[in-house]
Amino acid sequence: MSSGAKNIRLGSGTEPLDAIDERLLAALVDDARISNKQLAELVGIAPSTALMRTRALSERGIIQGFEAKLSLSAIGRSVQALIAVRLRAHDREQIDRFTSRVPRLPAVLSTFHTSGSVDYLLHIAVATTEDLRDWVLDNLATDPVVGHTETTLVFEHIQGNHGPLPD
């Protein structure tokens, strides 16, 4: 372990992050489109080292990807909702049927498998409240696997951290 490394549990067989890794990750979380040259300057390392370390972080599964974040209202999907879903039964076949179909539907932004009174929490975005009603009817209410749904409109989605590192 290098002198700047923290004992951050990253999963089985994964090396701990050192101070350079942490600075690289913080910079990439802040701006994933930063050039390698700018990243290296910001962290205080050579561009070849920044590239090598960023690739290593990806290979280790710490960086899982880079994606474009779209304005939902600008693309005609300004109505967001959280839909709590309770399945009728909890056998593997029904769970697999639900998770193989619903999270891949175009309106679904995120799917959370949860504990407690609901089994899944879906974050979806559609164009209108009528589209929301139709989406729930077409994709959940008529699905024999689904026992109950509860829909909550999202007035504002305030982003949190996109991968904060533990202190």
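Q: At what angle do helix H2 and helix H3 pack, and how far apart are their axes?

A: Two helices that pack together are described by an angle between their axes and by the distance separating those axes. In this predicted model, helix H2 (residues 36–43) and helix H3 (residues 47–59) pack at an angle of about 100 degrees, and their axes are 8 Å apart. Angles of 65 to 115 degrees count as roughly perpendicular, and H2 and H3 are therefore roughly perpendicular to each other.

Q: Which residues of H2 and H3 meet?

A: From H2 come Asn 36, Leu 39 and Ala 40, and they meet Pro 47, Ala 50, Leu 51 and Thr 54 of H3. Sorted by class, this contact of H2 with H3 has five nonpolar residues, two polar residues and no charged residues.

Q: How does helix H1 pack with H3?

A: The description again uses an angle and a distance between axes. Helix H1 (residues 19–30) packs with H3 at an angle of about 85 degrees, with the axes 11 Å apart. That makes H1 roughly perpendicular to H3. On the H1 side the contact is made by Ile 20, Asp 21, Leu 24, Leu 25 and Leu 28, and on the H3 side by Ala 50, Arg 53, Thr 54 and Leu 57. By class, the contact of H1 with H3 has six nonpolar, one polar and two charged residues.

Q: With which residues is Arg 53 in contact, leaving aside its neighbours within four places in sequence?

A: Arg 53 is found in helix H3. With those neighbours left aside, Arg 53 is in contact with Asp 18, Ile 20, Asp 21 and Leu 24. Arg 53 and Asp 21 are 32 residues apart in sequence, and their C-alpha atoms are 7.3 Å apart in space.

Q: How many helices and strands does the chain have, and in what order do the elements run?

A: The chain has five helices and four strands. From the N terminus on, the elements run α-α-α-β-α-β-β-α-β. Among contacts between residues at least 6 apart in sequence, 63% join residues at least 24 apart.

Q: Which residues touch the most other members of the largest nonpolar core?

A: In soluble globular proteins, nonpolar side chains tend to be buried together. The largest nonpolar core here has 21 residues, of which Ile 83, Val 85, Phe 98, Ile 124, Trp 135 and Leu 140 touch the most other members. Two or more residues each are given to this core by strand S1 (79–87), helix H4 (92–101), strand S3 (120–126) and helix H5 (129–141). The largest share, five residues, comes from S1. Apart from this core lies another, of 13 residues, among them Leu 25, Ala 27, Leu 39 and Ala 40.

Q: What does Trp 135 touch, not counting residues up to four places away in sequence?

A: Under that condition, Trp 135 touches Ile 83, Val 102, Leu 105, Ala 107, Val 108, Leu 122, Ile 124 and Leu 140.

Q: Does Gln 80 count as buried or exposed?

A: Buried residues make up 30% of the 167 residues in the chain. A residue counts as buried under 20% relative accessible area. Gln 80, found in strand S1, has 13% relative accessibility and so counts as buried.

Q: What does the side chain of Gln 80 make a polar contact with?

A: The partner is the side chain of His 123, at 2.6 Å. Beyond its neighbours within four places in sequence, Gln 80 is in contact with residues including Leu 72, Leu 109, His 123, Ile 124 and His 157.

Definitions and conventions. Residues are numbered from 1 along each chain as its sequence is written. This is a predicted model: local features need pLDDT of at least 70, side-chain atom pairs count only at pLDDT 80 or more; totals for chains, interfaces and linings use all residues. Side-chain values use heavy atoms; hydrogens and water are left out. A nonpolar core is a set of buried Ala, Val, Leu, Ile, Met, Phe, Trp, Tyr and Cys residues joined through side-chain atoms within 4.5 Å. Buried means under 20% relative accessible area, exposed over 50%, partly exposed in between (1.4 Å probe, protein chains only). Contact means heavy atoms within 4.5 Å. A polar contact is a pair of N or O atoms within 3.5 Å; within protein, one must be able to donate a hydrogen and the other to accept it, and residues adjacent in sequence count only if both atoms are side-chain atoms. Axes are lines fitted to C-alpha atoms, for helices over the stretch in contact, and angles run from 0 to 180 degrees between N-to-C directions. Angles under 35 degrees count as roughly parallel, over 145 as roughly antiparallel, 65 to 115 as roughly perpendicular and the rest as oblique. Ala, Val, Leu, Ile, Met, Phe, Trp, Tyr, Cys and Pro count as nonpolar, Asp, Glu, Lys and Arg as charged, and the others, Gly among them, as polar.
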